[in-house]
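This briefing is for a reader who is new to the structure shown below. It starts with charged pairs and then turns to other topics.

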Amino acid sequence: RAFAAKAQVAVVGNEVGREALSAWSDVWLYNARIDLLRSRVAELEPWVDRIEQLIASGVANRSVLNAAERQIIDIKLEEESLQASLLAAQERFRKYFGFKPGRVPAPPAVFSEGELLQLRSTWQDAPALIAAAAELVATESDVAASEARMKPRVMLSTGLNSPISRNDEEYITAGIVVEHSFFDGGRRRSQSDAVRERLQSLRGDFEDTKSTGQADLEAGLAQYKSIGSSLSLLNKQIEVSREEADSIRNQLGSGQSNLQQFVEAEIRNYQAQARRLQLLAEQRKIEASLGELTGKLSPQLRVNIEDFL
């Protein structure tokens with residue numbers, strides 16, 4: 001049980017490491033998204049003024065302005081939600097790092113992709129699995145002890161009688177003593193049944209921890225790989241949408257495109273960049289979760305669990 005308790009300290013240590021990294025990632029993410037949103041709105045609002053001028057001169061109609069303004073208002077509304085999320089992330093950051101940050105740098109990768117794949121061979125050493133196994137072994141000993149208390153105790157007693165005088169001989173006595181209580185069998189049986197039920201419960205917990213741990217590891221690795229593929233596609237989408245917006249802007253003077261199309265292209269580029277930031281933060285969180293699951297996060301963060309014992 002002491003071994004199980006030590007493993008449980010490692011479980012909590014890795015959990016705290018994951019939560020701290022999550023708070024850091026979120027503070028960076030929401031600051032980055034707010035900066036992106038504000039810069040994009042600042043770029044688009046002058047174009048709304050140009051649409052107003054074109055409407056006044058009869059070149060454009062009011063529907064073009066309404067559509068552009070509606071799209072800009074939609075992304076402005078995102079800022080309220082992002083600000084609230086940022087405040088919550090800053091408070092979580094304060095809990096683990098001791099101060100409320102304004103900004104933080106982008107969180108670095110905790111594990112390389114190769115190191116994450118190697119976690120497949122180490123998940124059996126996860127602290128949660130070790131703690132469950134140790135508690136199971138200890139409870140199996142409790143069951144054996146409770147069953148022993150149900151049986152009579154048999155003891156062998158021996159003795160050596162020394163002679164009192166020279167004419168007496170030495171002799172050895174031996175006897176068997178049997179002890180058994182006939183009046184508290186119900187209480188002992190109840191205690192034994194309770195320990196057995198606990199053992200069955202712990203066996204189920206151990207099997208659940210083992211099966212769900214492996215499944216969660218595989219699911220996390222699959223999600224990590226999926227995000228990597230999505231990031232590659234998003235980078236391409238950002239590049240294409242940037243080229244599209246620049247092309248539309250260059251054609252505004254010739255009449256081959258209109259300002260509404262330009263605003264729509266800029267917003268598509270903004271949304272792709274915002275999605276990329278979101279996926280980068282999720283990638284860091286998945287790395288931390290996989291490290292927590294296998295117990296490898298604390299060593300990776302250079303945190304020695306022994307220091308907490």
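Lys76 and Glu45 form a salt bridge through their side chains, with N and O 2.6 Å apart. Lys76 belongs to helix H2 and Glu45 to helix H1, so this pair ties together parts that are 31 residues apart in sequence. The model is predicted, and the points below describe it by topic.

- Lys76 counts as partly exposed, at 38% relative accessibility.
- Because Glu79 lies in helix H2 (residues 62-97) and Arg38 in helix H1 (residues 2-56), the pair ties together parts that are 41 residues apart in sequence.
- Arg38 has a relative accessible area of 43% and is partly exposed.
- Side chains of opposite charge can pair when their charged atoms come close.

- Arg40 and Glu43 form a salt bridge in which the closest N and O atoms are 3.3 Å apart.
- These residues, Arg40 and Glu43, are three residues apart in helix H1, so about one helical turn separates them.
- Is Arg40 buried or exposed? Arg40 counts as buried, because its relative accessibility is 5% and the cut-off for buried is under 20%.
- Glu43, at 41% relative accessibility, counts as partly exposed.
- Arg40 and Glu43 belong to one network with Arg242, Asp246, Arg249 and Glu266, joined by salt bridges that share partners.
- The count of salt bridges comes to 24.

**Overall make-up of the chain**

- The protein chain has seven helices and two strands.
- Along the sequence, these elements follow the pattern α-α-α-α-β-β-α-α-α.
- Of the 309 residues in the protein chain, 35% are buried.
- Among contacts in the protein chain with a separation of 6 or more, 80% are between residues 24 or more positions apart.
- The protein chain has an accessible surface of about 18,300 Å², and carbon and sulfur atoms account for 52% of that surface.

**Confidence of the prediction**

- The protein chain has a mean pLDDT of 84.
- A pLDDT of 70 or more is reached by 84% of the residues in the protein chain.
- Where in the protein chain is confidence lowest, and where is it highest? Confidence is lowest in strand S2 (residues 171-179), with a mean of 74, and highest in helix H6 (residues 259-294), with a mean of 92.

**Helix H6 and its end**

- H6 is made of 36 residues.
- From its first C-alpha to its last, H6 reaches 53 Å, which is close to the 52 Å expected at 1.5 Å a residue.

- Gln71 is in helix H2.
- With 18% relative accessibility, Gln71 counts as buried.
- Which residues is Gln71 in contact with, leaving aside its neighbours within four places in sequence? Gln71 is in contact with Val263, Glu264 and Ile267.
- Although 192 residues separate Gln71 and Val263 in sequence, the two are 8.0 Å apart in space, C-alpha to C-alpha.
- Gln283 has its place in helix H6.
- Gln283 is buried, at a relative accessible area of 10%.
- Not counting residues up to four places away in sequence, Gln283 touches Tyr224, Ile227, Gly228 and Leu231.

- Val154, Leu156 and Ile176 make a nonpolar surface patch of about 360 Å².
- Leu156 is in strand S1 (residues 153-161).
- Leu156 is exposed, because its relative accessible area is 65% and the cut-off for exposed is over 50%.

Definitions and conventions
Residues numbered from 1 in each chain as written. Heavy atoms only, no water. Patch = residues over 30% accessible without salt bridge, like charges linked within 9 Å, V, L, I, M, F, W, Y side chains within 5 Å. Areas by Shrake-Rupley, 256 points an atom, 1.4 Å probe, with all protein chains shown as cover. Salt bridge = Lys/Arg side-chain N within 4 Å of Asp/Glu carboxyl O. Helix = DSSP H or I, 4+ residues; strand = E, 2+ residues; numbered from the N terminus. Buried < 20%, exposed > 50% of the residue type's maximum accessible area, 1.4 Å probe, protein only. Contact = heavy atoms within 4.5 Å. pLDDT = per-residue confidence, 0-100. Expected span 1.5 Å × (residues − 1).
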